[in-house]
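The exercises below are meant for a reader who is meeting this structure for the first time. Each one sets a task and then works through a solution step by step.

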Amino acid sequence: MNEAVVFTLNGKEVRIEGPPAMPLLFALRGQLDHKGTRLGCGEGHCGACTVTLDGVPVTSCDLPISAIAGKNVGTVEGVLAADHPLAAALIRHQAGQCGYCLPGILTRAAALIDQGQCAEDIRNALDANLCRCGAHGRIMAAIQEVAS
Ligand code: FES
Ligand code: FES
């Protein structure tokens, strides 16, 4: 049976409907037209679907919508709308090839930078975000620049 869930998405209250176990990722892409958050493994292993939940980076492919009622969700669209300096740094460093991993990496790293974490801690946290193109070196150079 479907349930209605109200939460805050990038600072704006939104309402979705679906089975309680439906992953947030599906609601973002299918109901809310937020397609920047990507589907990779679908099992919580690759980080392509990373969003923030009350400021904490989490994977959205394994986060049921029943768990987000009343909470604050942040996506890459919010990071870009806020003109986060890491977005420009990633472009400056040409940090990416296909770019599929970048929304998740940008969302996680921007949140950690905003929390004041150092580049080394962010590097360790990015173990949760895979890049099949091997762009991690340039991605980390961009993070280093903004985090320091
Ligand atoms: S798609 Fe969610 S962790 Fe891979
Ligand atoms: S740039 Fe292609 S997966 Fe990271």
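The expected span of a helix is 1.5 Å times one less than its number of residues. The structure shown is a predicted model, and the exercises should be read with that in mind.

**Exercise 1. Find out what span helix 6 should have at 1.5 Å a residue, and which of its residues are buried.**

Step 1. A residue counts as buried if 20 or more other C-beta atoms lie within 10 Å of its own, and in helix 6 the buried residues are Ile 139, Met 140, Ala 142, Ile 143 and Ala 147.

Step 2. Looking down the axis of helix 6, one finds these buried residues within an arc of 160 degrees, so they line one face of the helix.

Step 3. The partners against which the buried residues of helix 6 pack are helix 3 (85-92), helix 4 (102-114) and helix 5 (119-125).

**Exercise 2. Describe the length of helix 4 and say how many of its residues are buried.**

Step 1. From its first C-alpha to its last, helix 4, with 13 residues, reaches 17 Å, which is close to the 18 Å expected at 1.5 Å a residue.

Step 2. Among the buried residues are Leu 102, Gly 104, Ile 105, Arg 108 and Leu 112.

Step 3. After helix 4 comes Gly 116, which has a positive phi, near 85 degrees.

**Exercise 3. Work out which residues of helix 3 are buried and how helix 3 packs against helix 4 and helix 6.**

Step 1. Helix 3 has Leu 86, Ala 89 and Leu 90 as its buried residues. Seen down the axis of helix 3, they fall within an arc of 100 degrees, so they line one face of the helix.

Step 2. On the face of helix 3 turned away from its buried side are the exposed residues Ile 91 and Arg 92, while the buried residues of helix 3 pack against helix 4 and helix 6.

Step 3. The axes of helix 3 and helix 4 come within 9 Å and cross at roughly 130 degrees, and these two helices are therefore oblique to each other. Their crossing is right-handed, and the contact is made by Leu 86, Ala 87 and Leu 90 of helix 3 together with Leu 102, Leu 106, Ala 109, Ala 110 and Ile 113 of helix 4.

Step 4. Helix 3 and helix 6 pack with their axes 9 Å apart, at an angle of about 135 degrees, and they are therefore oblique to each other. The crossing of helix 3 and helix 6 is right-handed; residues that make the contact include Pro 85 and Ala 89 of helix 3, and Ile 139 and Ala 142 of helix 6.

**Exercise 4. Where do Asp 54, Gln 94 and Ala 128 lie?**

Step 1. Asp 54 is in the loop between strand 3 (50-53) and strand 4 (56-59). Its phi is near 50 degrees, a positive value in a residue other than glycine, and Asp 54 is exposed, with 12 other C-beta atoms within 10 Å.

Step 2. Gln 94 belongs to the loop between helix 3 and helix 4, and just after helix 3 it takes a positive phi of about 50 degrees. Gln 94 counts as exposed, because it has 11 C-beta neighbours inside 10 Å.

Step 3. Ala 128 sits in the loop between helix 5 and helix 6 and counts as partly exposed, with 17 C-beta neighbours inside 10 Å. The C-alpha atoms of Ala 128 and Val 6, which are 122 residues apart along the chain, are separated by 28 Å.

Terms used: Residues numbered from 1 in each chain as written. Chains lettered and ligands numbered in written order. Predicted model: local features only at pLDDT ≥ 70, side-chain atom pairs only at ≥ 80, totals over all residues. Helix = DSSP H or I, 4+ residues; strand = E, 2+ residues; numbered from the N terminus. Arc of directions from axis to C-beta. Contact = placed C-beta atoms within 7 Å. Axes fitted to C-alpha atoms, helices over the stretch in contact; angles between N-to-C directions. Parallel < 35°, antiparallel > 145°, perpendicular 65-115°, else oblique. Left-handed = near helix turned anticlockwise from the far one by under 90°.
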